[in-house]
Amino acid sequence: MGRILRILGAAVALAAGVGATTRGTCALASESVAVTASHLGQRALDDPAAFDFVAALTTEIGPRLAGTDAHRRAVAWAEGRLKAAGFENVHSEPFSISAWIRGAESADIEGPVPQHLAVTALGGSVATDAGGIEAEISLFRTYDDLLAAAPGSLNGKIAVVTQRMVRAQDGSGYGAANPIRRYGPSEAAKRGAVGYLLRSLGTDSHRLPHTGALNYADGAPRIPAAALSIPDAEQLERLAALGPVRIRLVLRPSAQENAPSWNVVGEIKGSERPDQIVLIGGHLDSWDLGTGATDDGAGMAIVFGAARLIAGLPQRPSRTIRLVLFGAEEMNFSAAAYAKAHEAEAGQIVVAGEADFGARNVYSVQLPGGAAGSDFGHTLQRVIAPLGANVDRRPALFGGDDIGELQKAGVPVASLRQDGLDYFDTHHTADDTLDKIDPKQLGQAVAVWSAFVYLAAASDVDFRSLAATAK
């Protein structure tokens, strides 16, 4: 304990000089910056601000599907929260979306054994008529089996895909299974199906279906599509093995073109190079089944908590830290809207990172190419090792959905990898609620983010040059 107190005391003493040093004294500046980054990480472990943020959001706003009144309230709430925390240049940036609003939804086995099924519509699905669709199912144990079906072989049927999703710490099972939800409806329609059901993309065994967006293909009929809870998908497998199964599916969503949405922005202005930007973000919108606690209240809370701690230092870092709470990630609108609005300043963004993987601890950090072996990478490793994280030697290939378009424009990205072993137990379900968040694990994620963001903003590291040298 005495050693920790000495480190913290030294950090407080040095913090006043952080950011005010010049490139001519970079050795002293580097040590000062490293000590301050360590101090920030230790403070974050017990700082309640991040948990308070997500608790207030999920309580005072709740679910906030883009295009709804709740989302509009969330934007005003977020602006007020950033201003109260001392962020500068707080504002919201409007853009238009195609809003999708869930309506009544149900599915029932009509024969051979009548019973109810737990389903939820996929985001963007078209509606059935009021009476729904009743049809025999054609069940496929894998997505590849569906793709192998001949054109016309599903005429008049409801296609059902029951492929399992693999549980993985890094979430790779979700990436592998994602095409089943995204593109399955159109692939089924190309083969004549009139409806589409899939086993939820989840790793739980609860009777709670997982929603998520689909992408209709141009030129293919648009058919109603929904996710089955995992136990219900397994029930259909058993019934289909016994003979034909008929299902009635009712989905009654609505859509609105040119609905308003907003990205909420706040900054911590740099003390020396304010035109150079370290951009961090999470997404403000959520699905409507739960309260959007882990997806993505927690992600926003992590980057908010990290930036807030840095804003409280006696001396601001030299570069600007920009926090963006993206307004419509779930239906894939905010990334393009933000990139288009800020196209002219893409070259000024030093690095970008997005927190959108729940509330558990960060176990590794992937940096832009060439950075892991640099002085920056070594310093970050030294700072985050006591927090239980490491710098991955592999470069970040993807930083997050909302910064994907910035990455395409040449902005370097970092990926702070969180433990996602149980993330997909509640992801996109009615069970995505505040009780799933462990404040201690959330605090550890804030700690690693604080160290990374501060080091990037207080240094003069050029990630573009490092990446070019590494090639």
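This is a predicted model: local features need pLDDT of at least 70, side-chain atom pairs count only at pLDDT 80 or more; totals for chains, interfaces and linings use all residues.

1. Let me begin with the packing. The largest nonpolar core has 75 residues. Those with the most contacts inside it are Phe 376, Leu 380, Ile 384, Trp 449 and Phe 452. Helix α14 (residues 439-458) gives the most to this core, contributing 14 residues. Apart from it lies another core, of 26 residues, including Ala 149, Ala 159, Leu 198 and Phe 357. As background, nonpolar side chains in soluble globular proteins tend to be buried together.

2. Setting aside neighbours within four places in sequence, Phe 376 is in contact with Leu 367, Phe 452, Leu 455, Ala 456, Ser 459, Val 461 and Phe 463.

3. Next, helix α3 (residues 49-60). Just after α3, Gly 62 takes a positive phi of about 80°.

4. Which residues of α3 are buried? They are Ala 49, Ala 50, Phe 53, Val 54, Ala 55, Ala 56, Leu 57 and Thr 58. The cover over these buried residues includes α4 (69-84), α9 (293-311) and α14. Phe 53 also belongs to an aromatic cluster, which it forms with Trp 77, Phe 87 and Phe 304.

5. Now the aromatic pairs, of which a search of the whole structure finds twelve. In one of them, the rings of Trp 100 and Trp 287 have centres 6.5 Å apart and planes at 80°; the pair is therefore edge-to-face, as planes over 60 degrees apart count as such. Trp 100 sits in strand β1 (residues 88-101) and Trp 287 in the loop between β11 (273-283) and α9, so this pair ties together parts 187 residues apart in sequence. Both Trp 100 and Trp 287 are buried.

6. A second pair to look at is Tyr 174 with Phe 424. Their ring centres are 4.6 Å apart and their planes are at 20°, so the pair is stacked; the cut-off for stacking is under 30 degrees. Since Tyr 174 lies in helix α6 (residues 172-182) and Phe 424 in helix α13 (residues 423-426), the pair ties together parts that are 250 residues apart in sequence. Tyr 174 is buried, at a relative accessible area of 16%, and Phe 424 is buried too, at 4%.

Terms used
Residues are numbered from 1 along each chain as its sequence is written. Side-chain values use heavy atoms; hydrogens and water are left out. A nonpolar core is a set of buried Ala, Val, Leu, Ile, Met, Phe, Trp, Tyr and Cys residues joined through side-chain atoms within 4.5 Å. Buried means under 20% relative accessible area, exposed over 50%, partly exposed in between (1.4 Å probe, protein chains only). Helices (H or I, at least four residues) and strands (E, at least two) are DSSP runs, numbered from the N terminus. Contact means heavy atoms within 4.5 Å. Rings of Phe, Tyr and Trp (its six-membered ring) pair if their centres lie within 6.5 Å; planes under 30 degrees apart count as stacked, over 60 as edge-to-face and the rest as tilted.
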